[in-house]
Amino acid sequence: IDGTLVHDQSIDPCSERTISDGEESVYCPQNLPSLIDAIRAKAKFALVTGRSLKRLKPLLPFIPHDLLLAENGNVILDSEGRIDRHWQGKLELTTGEFDESGIHDESALLWRLKKTLQDAGFHIKDAGEITMFRIRQKDNPQLSIRVLDRLSPHLQAKGINMVNNEDFVSFQPANGGKGNGVKYICQKEGISLSE
């Protein structure tokens, strides 16, 4: 979604719509829904994003879709906004139960890890995720995120994957993620990955 369908800076105010995601404004072409509907007339259209459901929900009325992979592919929703319970069941050992409103099980392994890291002094970026959490390096200048790399094999053995990108380290179910989510949807829809 970000940087493809919506942008954090305006490119052409005359042909854009401004949407607030609850934290900031994003911009998208006025004709985005009609462009997507043209694609949906020929194939199912799935959105794939790292965004939390909380920050995603205000954008969804402007982006027609058939399926949604949110929170780095750890939450799968249908076009009605219902959680795919089979996919959720695959992640539950790590995340605990979660629902469409953003409620999750604080006693689950992932959330106990989050609390442990917070108690150790890490500032966690909380965007209302229900299947993952992130630590941003610039919010933790006194703590080296590289220290977490030593934890990675131990966490992997417990079913938690650390995903490093430019600014964040994300903690999520090892059997989740965008790649696994896309594979799951393709299998469910009877589509080969090569298609």
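Select Trp111, Phe133 and Phe171: together they form one aromatic cluster. Keep in mind that this is a predicted model. A search of the whole structure finds three aromatic pairs. Two of the stops below are pairs of this kind.

**Stop 1: Trp111 and Phe133**

Show the side chains of Trp111 and Phe133. Their ring centres are 6.3 Å apart. The planes meet at 45 degrees, so this pair is tilted: stacked would need under 30 degrees, and edge-to-face over 60.

Trp111 lies in helix α4, residues 109–119. Phe133 lies in strand β7, residues 133–136.

Are Trp111 and Phe133 buried or exposed? Both are buried.

**Stop 2: Phe133 and Phe171**

Where does Phe171 sit? Look in strand β9, residues 168–173.

Phe133 has a relative accessible area of 1%, so Phe133 is buried. Phe171 is at 0% and also counts as buried. The cut-off for buried is under 20%.

**Stop 3: Arg134 and Phe168**

Finally, select Arg134 and Phe168. What lies over the face of Phe168? Arg134 does, at 5.5 Å from the ring centre.

Notes
Residues numbered from 1 in each chain as written. Predicted model: local features only at pLDDT ≥ 70, side-chain atom pairs only at ≥ 80, totals over all residues. Heavy atoms only, no water. Phe/Tyr/Trp six-rings, centres within 6.5 Å; stacked < 30°, edge-to-face > 60°. Helix = DSSP H or I, 4+ residues; strand = E, 2+ residues; numbered from the N terminus. Buried < 20%, exposed > 50% of the residue type's maximum accessible area, 1.4 Å probe, protein only. Lys NZ or Arg CZ within 6 Å of the ring centre and 35° of its normal.
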